[in-house]
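Please read it alongside the sequence and the coordinates.

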Amino acid sequence: RFSETDSRGFAVDAQSNLLVSGETIPVDGAEGMMSAIADRPESAECLTTKVFRFALGRTEGGADACALDSLATGFDGNMKELMVAVATHDSFTHGEQEQ
């Protein structure tokens with residue numbers, strides 16, 4: 001829960017620096033951190049990969065690179081749409097395809 005003071009009454013300093021892909025990004029609080037992460041293209045790629053792995057029950061293979069790229073490119077932040085896209089993708093319905 002949000003609090004401006006800690007358990008001893010000292011002011012909470014929510015400013016920090018976040019290291020993302022070798023770049024230091026100053027953030028202020030949880031909202032600032034979430035915005036900094038959400039605005040990065042790596043976030044869509046990472047989340048897409050995690051959902052893909054979970055849905056297929058395996059790690060991605062070399063033949064899945066195009067699938068992951070198209071899923072990440074089409075991801076606009078809507079988790080429901082991402083899950084539908086993964087579940088209806090050929091990699092999910094037909095298994096890993098050779099290129």
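Glu23, Arg40 and Glu42 are joined through a network of salt bridges. The model is a predicted one, and in total it contains four salt bridges.

**The network and its setting**

- Within this group, Glu23 and Arg40 meet through their side chains in a salt bridge, at 2.8 Å from N to O.
- This pair connects distant parts of the chain, since Glu23 belongs to strand E2 while Arg40 lies in the loop between helix H1 (29–38) and helix H2 (41–56), 17 residues apart.
- Arg40 has a relative accessible area of 18% and is therefore buried, the cut-off being under 20%, whereas Glu23, with 39%, is partly exposed.

**Other salt bridges**

- Arg53 and Glu60 form a salt bridge in which the closest N and O atoms are 2.6 Å apart; Glu60 is partly exposed, with a relative accessible area of 27%, and Arg53 is likewise partly exposed, with 29%.
- Asp64 pairs with Arg58 in a salt bridge whose closest N and O atoms are 2.6 Å apart; here Asp64 is buried, at 0% relative accessibility, while Arg58 counts as partly exposed, at 24%.

**The strand pair**

- Strand E1 (residues 15–20) and strand E2 (residues 23–28) run antiparallel and are joined by six bridges, and Gln15 has Asp28 in E2 as its bridge partner.
- The hairpin formed by E1 and E2 has two residues between the strands, and in this hairpin Ser21 adopts a positive phi near 50°.

Technical notes. Residues numbered from 1 in each chain as written. Predicted model: local features only at pLDDT ≥ 70, side-chain atom pairs only at ≥ 80, totals over all residues. Heavy atoms only, no water. Pairing = 2+ DSSP bridges. Helix = DSSP H or I, 4+ residues; strand = E, 2+ residues; numbered from the N terminus. Buried < 20%, exposed > 50% of the residue type's maximum accessible area, 1.4 Å probe, protein only.
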